[in-house]
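User: Hi! Could you walk me through this model?
Analyst: Happy to, here it is.

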Amino acid sequence: MRFDVFTLFPEVFGPYLHTSILLHAQENGLLEVHLHNIRDWTSDRHHVTDDEPYGGGGGMVMKVEPIFAAVEGELGAPPACPVILLTPQGRLFNQQIAQELAQQPRLALICGRYEGVDERVRAHLVSDEISIGDYVLTGGELPALVLIDAIARLAPGALGDPDGAWDDSHAAGLLEYPHYTRPPEFRGWEVPEVLVSGDHGRVARWRRQQSLLRTRQRRPDLLEKADLSEKDRQFLSQLDAEDENMDVQDI
Ligand code: SAH
């Protein structure tokens with residue numbers, strides 16, 4: 001999978017992309033990230049990429065020409081792949097959108113700065129607009145990294161464990177069960193007995209039930225849309241009948 005990122009600050013991507021799973025994905029040929037500095041596509045002597053807003057008011061707006069020149073120069077006109085603008089006004093990013101975008105062999109990401117980009121970029125160049133949450137950052141670079149990270153780890157083979165992404169919170173509409181590793185006891189807090197029992201059937205059942213219990217406690221809104229089996233529903237209605245305040249570890 002290939003990402004083409006258009007930004008005024010390509011230097012902020014390096015350390016994150018060259019670490020851990022994303023580094024390995026690139027070394028194994030599963031991921032390519034091409035960074036393009038929008039400033040390289042200006043045609044004036046001073047390489048101006050932003051200007052004052054028409055109509056007045058504070059802040060600066062990223063100019064339309066360098067962004068079109070950069071994206072069309074790299075990807076052709078019209079662009080050869082989906083072009084995503086990172087903006088707090090876009091559709092809210094989630095695991096389902098990550099899965100949808102992971103089907104694409106190539107994606108372009110445009111990072112805004114200052115007050116954002118000239119509206120004509122949104123209207124005539126991009127095919128999608130994505131927000132990573134209802135808050136405002138100083139630039140689209142962190143949101144672009146969030147997308148790259150969430151999407152790249154879904155590539156088959158990117159995670160060491162082939163099933164690694166399957167159980168994750170949100171993958172199947174539920175929060176994931178709790179994890180433990182050695183030591184079996186720390187300050188008197190023990191790992192649940194079932195996890196060290198060696199009984200795979202019991203472990204699987206416990207994990208599914210913890211997942212349902214957690215989701216019910218923390219994100220009941222997710223349960224309404226989750227893909228539940230008859231057994232899952234039975235477990236949930238049993239919980240409904242029991243004490244509302246049952247602790248996650250009590251099962
Ligand atoms: N004035 C704009 C916000 C500009 S923030 C508005 O009110 O809509 C500057 C840039 O940061 C944006 O162009 C966008 O690329 C990026 N950005 C900020 N918050 C973001 C978010 N929640 N999701 C995605 N991109 C964001």
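User: Let's start with His47: buried, partly exposed or exposed?
Analyst: His47 counts as partly exposed, because its relative accessibility is 39%. Buried means under 20% relative accessible area, exposed over 50%, and partly exposed in between, using a 1.4 Å probe and protein chains only. Keep in mind that this is a predicted model, where local features need pLDDT of at least 70, side-chain atom pairs count only at pLDDT 80 or more, and totals for chains, interfaces and linings use all residues. Residues are numbered from 1 along each chain as its sequence is written, and side-chain values use heavy atoms, with hydrogens and water left out.

User: Where is His47, and what is its phi near?
Analyst: His47 is in the loop between strand 2 (32-37) and strand 3 (50-51). Its phi is near 55°, a positive value in a residue other than glycine. Helices (H or I, at least four residues) and strands (E, at least two) are DSSP runs, numbered from the N terminus.

User: And what about Tyr114's phi?
Analyst: Phi of Tyr114 is near 60°, which is positive in a residue other than glycine. Tyr114 sits in the loop between strand 6 and helix 5 (119-124), and it counts as partly exposed because its relative accessibility is 39%.

User: Switching topic: which residues touch the most others in the largest nonpolar core?
Analyst: That core has 25 residues, and Phe3, Val5, Phe93, Leu101, Leu109, Ile130 and Leu147 touch the most other members. A nonpolar core is a set of buried Ala, Val, Leu, Ile, Met, Phe, Trp, Tyr and Cys residues joined through side-chain atoms within 4.5 Å.

User: Which elements supply it?
Analyst: Strand 1 (2-7), helix 2 (20-27), strand 5 (83-92), helix 4 (95-101), strand 6 (106-111) and helix 6 (141-152) each give at least two residues to this core. Helix 6 has the largest share, seven residues.

User: What does Leu101 touch?
Analyst: Leaving out residues up to four places away in sequence, Leu101 touches Met1, Ile84, Phe93, Leu107, Asp128, Ile130, Leu147 and Ile151. Contact here means heavy atoms within 4.5 Å.

User: Last one: which peptide bonds are cis?
Analyst: One is from Ala77 to Pro78, with omega near -5°, and Pro78 is in the loop between helix 3 (64-75) and strand 5. Another runs from Arg182 to Pro183, with omega near 5°. Pro183 lies in the loop between helix 6 and strand 8 (185-186).
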